[in-house]
Amino acid sequence: MTDDALWTHRRGLLPDGDPLVGALEELAGRSRSHVLRAVGMLDAETGEAAPPRDLEVVDGAVARWSPAPDAAYCEWFALPGFVDAHAHVSSVTDLVGMLAYGVTGYRQMWGEPAHLYSAGVHRARHAVLPLPWTTAGVVDGPDSRIPHHVTVVDDARQVRRVVEDVLAFGFDGIKVYDDLARPAFEALVREAERAGIPVVGHVPEAVPLDAAYPGMWSTEHLYGIVPHIFRLPAADRWAVLADALQRHRDDGPAVEGAAGRFVCPTLTAWRARSGERRYTRPSRTLLQSATPSRRPAWHAAARDALSLERAEAQRRSLLVDRLGGIAYDLSRRGARLLVGTDCGNPFVLAGPSYHKELAELSRSGLDFATVLKAATVDAYAATGRDPARADLVLYRRSPAHDVTRLARPDAVLVDGVLLDADDLDHLWGLRLTAAGLDAGTWRRGDVDPAAGDRQNKETADAG
């Protein structure tokens with residue numbers, strides 16, 4: 001019955017009559033062929049802008065680059081469109097939020113028919129949308145703590161069914177979860193590899209990290225190095241993380257075998273769930289911006305954060321800093337980091353939170369070029385995106401060496417459709433209006449609403 005309902009609601013991300021959907025459909029009628037003059041492309045290996053060239057785009061694809069007349073002048077500075085490598089998109093407001101902040105693709109890590117449908121709309125060019133890379137739900141074992149929300153796999157026949165479903169319905173990957181037994185994991189990896197299907201997700205608790213890395217296309221949240229603490233009672237979570245981090249320090253880096261593997265740390269989601277309030281601000285505007293079905297969970301998280309003692313919030317935040325240190329170590333040892341937000345979880349909003357994740361990676365010690373490579377080159381490799389697609393994020397001033405300059409693009413090219421700053425501001429305003437907010441409440445490019453918009457326990461309770 002659940003599967004039937006999901007297919008029945010396959011248009012749920014793009015409902016008929018929705019003003020946001022109408023705006024995205026209208027934009028799809030624009031030309032997809034352009035000539036952009038004096039474009040300086042930022043090199044993901046160095047973080048520096050290349051000499052300016054003129055870019056010709058024909059029918060949504062990069063046709064040619066040619067020398068610009070003036071080698072000393074850049075009209076545009078450009079990057080490949082950003083990819084949110086770990087997302088949980090649940091509404092068209094999420095899609096619009098991504099576009100307004102330069103995210104032109106995402107990995108949907110708990111896929112449903114609605115995400116396949118939106119990919120079809122994108123490919124049909126009926127609306128301007130970020131392109132999803134979508135897993136087929138979640139695969140877990142018989143001891144799963146969420147058995148009604150996953151595909152339970154325990155034998156070879158069930159493994160084959162998972163692979164068949166992915167191929168039959170056009171999903172891009174298989175996501176595994178915490179309670180998948182090692183024999184089932186190994187069988188699934190073998191069958192998926194034979195069929196050319198990437199396996200991604202949580203490192204199952206029964207699978208050693210050195211056995212997981214070879215079989216998984218990407219690992220998420222640094223699980224396997226540290227435990228999935230959010231499965232535990234709330235009172236135990238952060239003490240367990242502290243113990244795991246201490247063992248990691250005492251025993252040496254548990255990052256062997258990560259070289260060449262994709263790892264998506266989602267530091268901004270860890271930070272948001274810690275209860276700290278320096279980088280995570282549970283304001284009224286932020287809570288109102290959540291998809292309605294998610295607001296109760298967001299309000300509950302806000303109440304918890306606002307009741308947390310400052311010293312405990314600071315202690316947890318320092319633990320997240322140490323997770324950033326692990327991400328840094330992984331990168332130094334050759335892992336291919338990805339920029340993912342885990343958007344949909346409390347205080348992690350599609351679009352703005354992408355740039356919080358860039359800031360987290362930067363604070364961990366990674367240089368600008370490494371962060372840029374994670375956001376673009378490695379993200380494209382992880383999702384199989386065609387680099388010839390005309391997806392670009394464009395700036396009038398060079399954003400080189402400063403991730404904070406990336407959050408407010410002056411234009412975005414999406415499958416050849418050029419959205420200028422006015423278009424992006426308009427879309428972001430529509431997104432706020434859809435949440436019942438004034439369009440001027442939150443400036444596009446800011447990662448949080450205005451500092452004066454604070455939450456207190458009484459207003460959190462009112463939610």
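Helices here are DSSP runs of H or I with at least four residues, numbered from the N terminus. I applied this to H12 and found that Gly334, which follows the helix, has a positive phi near 100°. I note at the outset that the model is predicted.

**Entry 1: helix H12**

I checked the length of H12, residues 310-332. Its 23 residues reach 33 Å from the first C-alpha to the last, close to the 33 Å expected at 1.5 Å a residue. I then listed its buried positions, among them Ala313, Arg316, Ser317, Val320, Leu323, Ala327 and Leu330. In general, an α-helix has 3.6 residues a turn, so residues three or four places apart point the same way.

**Entry 2: helix H13**

I repeated the length check on H13, residues 352-363. The 12 residues should span 16 Å at 1.5 Å a residue, and the end C-alpha atoms lie 17 Å apart, which agrees. H13 is mostly covered, with 10 of its 12 residues buried. The buried set includes the charged-type names Lys356, Glu357 and Glu360, and also Tyr354, His355 and Leu358. I looked up what these buried residues pack against and found strands E5 (82-87), E6 (103-108) and E14 (336-337), together with helices H9 (267-272), H14 (368-375) and H16. Gly365 follows H13 and has a positive phi, near 115°.

**Entry 3: H3 against H16**

I turned to the pair formed by H3 (residues 92-100) and H16 (residues 421-434), whose axes come within 9 Å and cross at roughly 150°. Angles over 145 degrees count as roughly antiparallel, and H3 and H16 are therefore roughly antiparallel to each other. H3 passes H16 in a left-handed crossing. From H3, the residues Thr93, Val96, Gly97, Leu99 and Ala100 meet Leu424, Leu427, Trp428, Arg431 and Ala434 of H16. By class, I recorded 7 nonpolar, 2 polar and 1 charged residues in this contact.

Most residues other than glycine have a negative phi, and I looked up two exceptions. Arg125 has a positive phi of about 60° although it is not a glycine. I placed Arg125 in the loop between helix H4 (113-124) and strand E7 (131-134). Asp415 likewise has a positive phi, near 50°, and lies in the loop between strand E16 (411-414) and strand E17 (417-420).

Which of the terms buried or partly exposed applies to Arg125? Arg125 is partly exposed, with a relative accessible area of 26%. Asp415, at 8% relative accessibility, counts as buried, the cut-off for that term being under 20%.

Technical notes:
Residues numbered from 1 in each chain as written. Predicted model: local features only at pLDDT ≥ 70, side-chain atom pairs only at ≥ 80, totals over all residues. Heavy atoms only, no water. Axes fitted to C-alpha atoms, helices over the stretch in contact; angles between N-to-C directions. Helix = DSSP H or I, 4+ residues; strand = E, 2+ residues; numbered from the N terminus. Parallel < 35°, antiparallel > 145°, perpendicular 65-115°, else oblique. Left-handed = near helix turned anticlockwise from the far one by under 90°. Contact = heavy atoms within 4.5 Å. Buried < 20%, exposed > 50% of the residue type's maximum accessible area, 1.4 Å probe, protein only. Expected span 1.5 Å × (residues − 1).
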